[in-house]
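Colleague: Could you walk me through this one, feature by feature? I would like to learn how to read each item before moving on to the next.

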Amino acid sequence: MNGLIEWNALGQVVVAGVIVGAGIPALFALGLRLVAGTSQVPAPGAQAPGDTRGPVVISRPSPARLVGALLCFGTVVGAVAAGLVFLAAGGHS
Amino acid sequence: MGPVTEMLLLVLVVVTALAFDFTNGFHDTGNAMATSIATRALRPKAAVLLSAVLNMAGAFLSLAVAATIAKGLVDAGAISLEVVFAGLVGGIVWNLITWLYGLPSSSSHALVGGVIGSVLAAAGTAGVIWSGVLSKVLLPALLAPVIAIGVAALGTWLVARLTRGVSQDVTTRGFRWGQVGSASLVSLAHGTNDAQKSMGIILLALITAGAVPADSGVPFWVIFSCAFFMALGTYLGGWRIIRTLGKGLVEIDSRQGMAAETSSAAVILLSSHFGFSLSTTHVATGSILGSGVGMPGAKVRWGVAGRMLAAWGLTLPAAGIVGAVCFWIQHVIGGFLGTFLVFALLVGTSFAIWLASRRQPVDHSNVNEEWDEEKGSRLRASVATTGEAGEPQVGPVVEERLAPSMSPAISASGTGVPDGTASEKGEQR
């Protein structure tokens, strides 16, 4: 089988594919999670009487979370831009 | 052969190459846009328009044209205009047959298969470089879906983990954006890669016929017409294939769609960067499958996947047989008449396949209907499909089963009837 497959190139494709192909969606999801926050059920009794907000509370994102989210989205946009540059440079085979 | 018939032969080859280019765009729209259409991130017409524009732009983006087709697969000396023509016909016919059955298969494999078949008919087994075929075509075809399934499954799983607890409204809106972005990149990559194959064929034909000098660049009309016909094919959209990819393989939501398209874009671009080219179709299809594997609770229709894999396996031999038969017809009849006869046969076959497709048309209006694997019958889309993964939804009830005697039984089962009537009737008895 040696020589039939360029194992080296194949390995690079697999490793880089996993990092980029799975990492970008994960970063995107992380960014979304940081911005949107997750729904939390407040502790029983914590709810003041007459509070009409219902049992689910979504907290406002803190500045730190917003910065983190920006970093995530920035990386994603950067990766897309790198893809565009690669295409425009004719790097395909 | 006189100069007139030589000219006519050249025209036929160019027209056929453009026709292949058209089927290529037509066949591969789904790779980029099927998931966006299925999750309703884009309306069907808007999705194919976006893909067409990006395919066209992609064709102009880079002009590093590979001037030889099937390089390293067949003996360069065996390539003549007749061989290329027969190979193109083989590729087109196989693309149309797989389209009729809604099976995504690789357009470039169809072309390579057609050329190999016609070379076999022209020069015998010595004309084909078998080790090249094995290492450049067959093994990548086996590896591409495996890599893509793995990457997309991992990506989808990570996304599902990270978005747990985030409101569905936010994820749907956010991931639709991501989905459109990643699908656009796939479209652009397709335009850059595949339009150049047709450009290469036409350039080769022009050089062989002596219409342009051997060291010529690609004339502008060739670039434009290749880009245009691929975009036109993309815009008309192989709805049957889009339906299979978007609805048939996996019930997909926007998170899966984004993960699948990003994985496709990453694997396609990285594989060409590292010089290990993988078929766009194989990668895109594998990614969509992978997004079903990685999503907890999603179901994958392995029966559809199996049919698709069978079509991949058949692509090379089937397109090869058509290519070989076409070359043989050309050779037996001889000269321009033989080529013209094959061209007429191609037109007739294409028309027949198109007629057959009209018996059960799939277009932008019904591309997202519920998939019915058992009967293959069409159901009325009376329930808006949400595209969300999860428990299988009860499909729309078929008319005949709504007879008065049946409806109490249906209601009593209690599933799929969202309002209170089911439970009320259940309590009455």
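**Reading the two chains**

Modeller: Gladly. Chain B contains 14 helices and zero strands, and please keep in mind that this is a predicted model.

Colleague: What pattern does chain B follow along the sequence?

Modeller: Read in order, the pattern is α-α-α-α-α-α-α-α-α-α-α-α-α-α. Chain A, on the other hand, has two helices and two strands, arranged as α-β-β-α.

Colleague: How many residues does each chain have, and what percentage of them is buried?

Modeller: Chain B has 429 residues, of which 55% are buried. Chain A has 93 residues, and there the buried share is 29%.

Colleague: And what percentage of the contacts joins residues at least 24 apart in sequence?

Modeller: Take the contacts between residues at least 6 apart. In chain B, 84% of these join residues at least 24 apart. In chain A, the corresponding share is 59%.

Colleague: Let us turn to helix packing. How is a pair of packed helices described?

Modeller: Two numbers do the work: the angle between the two axes and the distance separating them. For a case here, look at helix α1 (residues 3-38) and helix α12 (residues 335-358) of chain B, whose axes come within 10 Å and cross at roughly 25°. Because angles under 35 degrees count as roughly parallel, α1(B) is roughly parallel to α12(B). The crossing of α1(B) past α12(B) is left-handed.

Colleague: Which residues make that contact between α1(B) and α12(B)?

Modeller: From α1(B) come B:Thr5, B:Leu8, B:Leu9, B:Leu12, B:Val15 and B:Thr16, and from α12(B) come B:Phe336, B:Thr339, B:Phe340, B:Phe343 and B:Leu346.

Colleague: At what angle do helix α9 and helix α10 of chain B pack?

Modeller: Helix α9 (residues 254-273) and helix α10 (residues 280-294) of chain B pack at about 145°, with 8 Å between their axes. In this pair, α9(B) passes α10(B) in a right-handed crossing. Contributors from α9(B) include B:Gln256, B:Ala260 and B:Ser263, while those from α10(B) include B:Thr280, B:Val283 and B:Ala284. The contact of α9(B) with α10(B) divides into six nonpolar residues, seven polar and no charged.

Colleague: Now for single residues. Is B:Ser187 buried or exposed?

Modeller: A residue counts as buried when its relative accessible area is under 20%. B:Ser187 has 1% relative accessibility, so this serine is buried. Its place is in helix α6 (residues 168-208) of chain B.

Colleague: Which residue does the side chain of B:Ser187 join in a polar contact?

Modeller: The partner is B:Ser51, and the polar contact between the two side chains is 3.0 Å. Beyond four places in sequence, the residues in contact with B:Ser187 are B:Ala32, B:Met33, B:Ser51, B:Leu54 and B:Asn55.

Colleague: What separates the C-alpha atoms of B:Gly246 and B:Ile37?

Modeller: The separation is 7.1 Å, although these two residues are 209 residues apart along the chain. Once residues up to four places away are set aside, B:Gly246 touches B:Ala34, B:Ala38 and B:Ile252.

Note on methods:
Residues numbered from 1 in each chain as written. Chains lettered and ligands numbered in written order. Predicted model: local features only at pLDDT ≥ 70, side-chain atom pairs only at ≥ 80, totals over all residues. Heavy atoms only, no water. Helix = DSSP H or I, 4+ residues; strand = E, 2+ residues; numbered from the N terminus. Buried < 20%, exposed > 50% of the residue type's maximum accessible area, 1.4 Å probe, protein only. Polar contact = N/O pair within 3.5 Å; in protein donor to acceptor, adjacent residues only side chain to side chain. Contact = heavy atoms within 4.5 Å. Axes fitted to C-alpha atoms, helices over the stretch in contact; angles between N-to-C directions. Parallel < 35°, antiparallel > 145°, perpendicular 65-115°, else oblique. Left-handed = near helix turned anticlockwise from the far one by under 90°. Nonpolar A, V, L, I, M, F, W, Y, C, P; charged D, E, K, R; others polar.
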